[in-house]
Amino acid sequence: MTSSHDKPADVFAALKHLRAEKLAIPDEAQFPKTAMDRLTAAGVLQAPLPRAYGGQGLGTEPGLGLETLSLLHGLGRISLPLGRLVEAHVNALRIVARYGDAAHMTKAADGVLAGSLFGLWVTDPSGQGELNIHAQGDALRLTGGKMFCSGAGHAGWAVVTAFDPGCADQRLLLLRMDGSEQVSPLPAGLSGMKAAVTGQVDFTGKHVARNDIIGLAGDYLKEPDFSAGAWRSSAVALGGLFRLAELLRDQLKARSRADDPHQRARFGQIVMAHETGRLWLRHAAVMAEKLEAPPEEIIATVGFARLAVERVCLDGIELVQRSLGLGSFLTDNPVESLMRDLQTYLRQPAADEVLHNAAGYFLSHAFCAKENNDADV
Ligand SMILES: Cc1cc2nc3c(=O)[nH]c(=O)nc-3n(C[C@H](O)[C@H](O)[C@H](O)COP(=O)(O)OP(=O)(O)OC[C@H]3O[C@@H](n4cnc5c(N)ncnc54)[C@H](O)[C@@H]3O)c2cc1C
């Protein structure tokens, strides 16, 4: 384990190395423990900690959008479930850094330095069973649970949202998993992203302290942070598209089909699709991580970037299926599970609303930052 006093690990060199040695996820239905251990040893889980706490500030300090994009895209190239687990870890630590106090951040940093993965569990079960906080004198007790919890049963810590009747609003809690939680699979499993082990967690009966509450009521939904974070899952997803393009290239060559004009045209389209997504994400990552532009512009830009990445990934999947044919559906072809993972991961909340709101913003504001400056496009 790297201590907080060591020189920061070169996580990008480590990722390159892991890719070169084809770090594999041997069983798509299991938590990728060995791969996660390798990432931990490479300093990947530590990198999102703020620099003052032994990390590199990736995702938690302003101005590091492009570095964070490289990290998440690089992870997506290795494995989408692995990337999703680290993305959630980054998101959770960002919330602690942004809304927590020094004691929260110290607790979180100690957890990371001890090798823990963090989860961010904010989705309530539909109908009854949402997570609630009950006051019992000075102590607090939880009832209910969370759905779609990536890393359930494997994350050592989680940031969760819970309803607090005391203020009639959602609070953020920083919780250490101590075995008092009931972890179970989703009633019906997802067809892709199985290795992210997205399950459900029932916290009923768990006791928490008042200082496990982070920040103020309603902080989780505070804009622009709430919407601006969406670019990070897109970054991982786009890494998956990159891998898909690599596999397409390799398989076309292996089948001596790379010189066919139709195959070339499709390969060209997938390369252009990836580049489109990359340019959108660079723009969104810089803007979202600096948080300097007007909040509505950040939200609209990240929204468009997210939808642009969704579009290019869906186009990429179609191009690969046309190019490799039925072979891309054979379960021993890595393309098959990658496409399933990517299709699943792309299902992020409220896509229509994001497009509606982003288009609404740009109907009344310059829709290109350079619209009023011909000299700088
Ligand atoms: C791989 C994976 C891992 C995940 N891990 C976690 C995790 O660790 N923690 C966590 O909290 N969550 C997690 N989630 C869940 C995630 O946060 C969202 O809940 C989920 O992605 C929502 O996707 P959806 O397509 O069902 O969204 P929805 O918002 O339900 O969208 C489905 C469709 O309905 C439309 N729609 C949305 N709202 C309305 C409305 N009011 N009226 C009409 N139409 C509407 C949308 O535009 C879209 O067309 C995970 C999801 C995935 C895919």
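## Division into domains

The chain is divided into domain 1 (11-117), domain 2 (121-217) and domain 3 (225-363). The structure is a predicted model, and this report considers how some of its parts are held against one another.

## The interface of domain 1 and domain 3

The C-alpha centres of domain 1 and domain 3 are 21 Å apart. At their interface, 23 residues of domain 1 are in contact with 28 residues of domain 3. The size of an interface is often given as the accessible area lost when the parts come together. For domain 1 and domain 3 the buried area is about 2,100 Å², of which 62% is on carbon and sulfur atoms.

On the side of domain 1 that touches domain 3, the elements giving two or more residues are α3 (65-78) and α4 (80-99). The largest share of that side, 10 residues, comes from α4. The count of salt bridges between domain 1 and domain 3 is five. E246 and R77 form a salt bridge in which the closest N and O atoms are 3.3 Å apart.

## Salt bridges in the structure

Side chains of opposite charge can pair when their charged atoms come close. The whole structure holds 23 salt bridges. One of them joins E28 to R340, with the closest N and O atoms 2.9 Å apart. E28 lies in the loop between α1 (11-20) and α2 (33-41), while R340 lies in helix α10, so this pair ties together parts that are 312 residues apart in sequence. E28 is partly exposed, at 31% relative accessibility, whereas R340 is buried at 18%.

E87 forms a salt bridge with R84, the closest N and O atoms being 3.0 Å apart. These two residues are three places apart in helix α4, which means that about one helical turn separates E87 from R84. E87 is buried, with a relative accessible area of 5%, and R84 is buried, with a value of 18%.

R94 forms a salt bridge with E289, and their closest N and O atoms are 2.8 Å apart. Because R94 lies in helix α4 and E289 in helix α8 (residues 261-290), the pair ties together parts that are 195 residues apart in sequence. R94 is buried at 10% relative accessibility, and E289 is buried at 3%. A network of salt bridges links R94, R98, D225, R232 and E289.

## The surroundings of S328

S328 lies in the loop between α9 (295-324) and α10 (334-345). With a relative accessibility of 0%, S328 counts as buried. A polar atom of the S328 side chain is 2.7 Å from the backbone oxygen of G325. Leaving aside residues up to four places away in sequence, S328 touches V320, Q321, N333, V335, E336 and M339.

## Cysteines and disulfides

A disulfide is a covalent bond between the sulfur atoms of two cysteines. A search of the whole structure finds zero disulfides. Two cysteines may be described by their accessibility. C149 is buried, with a relative accessible area of 0%, and C313 is buried at 0% relative accessibility.

Definitions and conventions
Residues are numbered from 1 along each chain as its sequence is written. This is a predicted model: local features need pLDDT of at least 70, side-chain atom pairs count only at pLDDT 80 or more; totals for chains, interfaces and linings use all residues. Side-chain values use heavy atoms; hydrogens and water are left out. A disulfide is a pair of cysteine sulfur atoms within 2.5 Å. Buried means under 20% relative accessible area, exposed over 50%, partly exposed in between (1.4 Å probe, protein chains only). Helices (H or I, at least four residues) and strands (E, at least two) are DSSP runs, numbered from the N terminus. A polar contact is a pair of N or O atoms within 3.5 Å; within protein, one must be able to donate a hydrogen and the other to accept it, and residues adjacent in sequence count only if both atoms are side-chain atoms. Contact means heavy atoms within 4.5 Å. Domain bounds come from an automatic or database domain assignment. Buried area is the accessible area (1.4 Å probe) that two parts lose on being put together, summed over both. A salt bridge is a side-chain nitrogen of Lys or Arg within 4 Å of a carboxyl oxygen of Asp or Glu.
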